[in-house]
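I opened the model to look up its charged pairs, its core and its confidence values. My notes follow in the order I took them.

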Amino acid sequence: MANEAKPCPCDIGDKIEYGGLGEEVQIEHIKAYVVKRPASEKAIIVIQDIYGWQLPNTRYMADMLSANGYIAICPDFFVGKEPWSPSHDWSTFQQWLEDKKPTDIKKEVDVVLKYLKEQCGAKHIGVVGFCWGGVATHYIALQYQEIKAAVSVYGIVREREDRFDLKSPTLFIFAENDAVIPLDQVTTLETRLEEKCTADFQVKIFPKQTHGFVHRKREDVNPDDKLYIKEARTDMINWLNKYM
């Protein structure tokens, strides 16, 4: 009998309601949204954008990863501090960011890694992050040899001298029309990684897309963008599956 066609990894996630599969837990000094179904030895740390760990879009990504066989955890990397809001004045953004730097998260990462290993039985751990979390993911991939795979979605570490010395296989996903990350920065990243990086990496730019496209809610998706969003989500899951 012929093998049945398997659904695209993103088709599985697309049937899930936002933030519906997990629970909120307290892990030492931070809260987290955790999805443990099904039980697995593979876990993904899902890192928020500037709108915080409770954003339904980000929790939906955690649910989608869980539906693809991973424990998924979305910690509050702002540690109780107020996330950014669309109603805030953008002229105050740098001031808001001052005590929420995505490269100043080692304490929280260590707590989450300990929890995943000791409380969830995780033996293989990866990380996925969006926007602010994409920068944090890039940072983690530079610092933690134990991270098996990383997917940084529209995020680049800009200020570190060692930012091209990845320790973990890392997929970078960018949008062609991203007002936050100019394409010349993406080109520079790829060129320097080719020169300096010994870990596997890929830099992929999605045409006609804007910042935030990968974890955009279903009802916010322009029909013309759906194929690119599905492709990016599939790339993310395939990269994790390959190295996890």
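Predicted model: local features only at pLDDT ≥ 70, side-chain atom pairs only at ≥ 80, totals over all residues.

E41 is partly exposed, with a relative accessible area of 41%. That value falls between the 20% limit for buried and the 50% limit for exposed.

Next I looked for the partner of E41. Its side chain meets that of K123 in a salt bridge, at 3.5 Å from N to O. I then placed both residues along the chain. E41 sits in the loop between strand 2 (30-35) and strand 3 (42-47). K123 sits in the loop between helix 4 (106-118) and strand 5 (124-130). The two are 82 residues apart in sequence, so the pair ties together separate parts of the chain. K123 is exposed, at 57% relative accessible area.

I went on to the other salt bridges. The structure holds 11. I noted a few of them.

D165 and K167 meet through their side chains, with 3.5 Å from N to O. I looked up the accessibility of each partner. D165 is partly exposed at 36%. K167 is partly exposed too, at 30%.

K204 pairs with E231, and their closest N and O atoms are 2.7 Å apart. This pair links distant parts of the chain. I found K204 in strand 8 (residues 201-206) and E231 in helix 7 (residues 226-243), 27 residues apart. E231 counts as partly exposed, at 33% relative accessibility.

I also noted a network. K81, D99 and K100 are linked in it by salt bridges.

Then I turned to the nonpolar side. Which residues have the most contacts inside the largest nonpolar core? I found I45, L116, M236 and L240, in a core of 86 residues. In soluble globular proteins, nonpolar side chains tend to be buried together.

I left aside its neighbours within four places in sequence. L116 is then in contact with A43, I45, I71, I73, G121, A122 and I125. One of these, I45, is also on my list of residues with the most contacts inside the core.

Last, I checked the confidence. The mean pLDDT of the protein is 90, and 91% of its residues reach 70 or more. Where does pLDDT stay under 50? I found this over residues 1-9. For that stretch the model has 7 contacts beyond four places in sequence.

Note on methods. Residues numbered from 1 in each chain as written. Heavy atoms only, no water. Core = buried A, V, L, I, M, F, W, Y, C linked by side-chain atoms within 4.5 Å. Buried < 20%, exposed > 50% of the residue type's maximum accessible area, 1.4 Å probe, protein only. Contact = heavy atoms within 4.5 Å. pLDDT = per-residue confidence, 0-100. Salt bridge = Lys/Arg side-chain N within 4 Å of Asp/Glu carboxyl O. Helix = DSSP H or I, 4+ residues; strand = E, 2+ residues; numbered from the N terminus.
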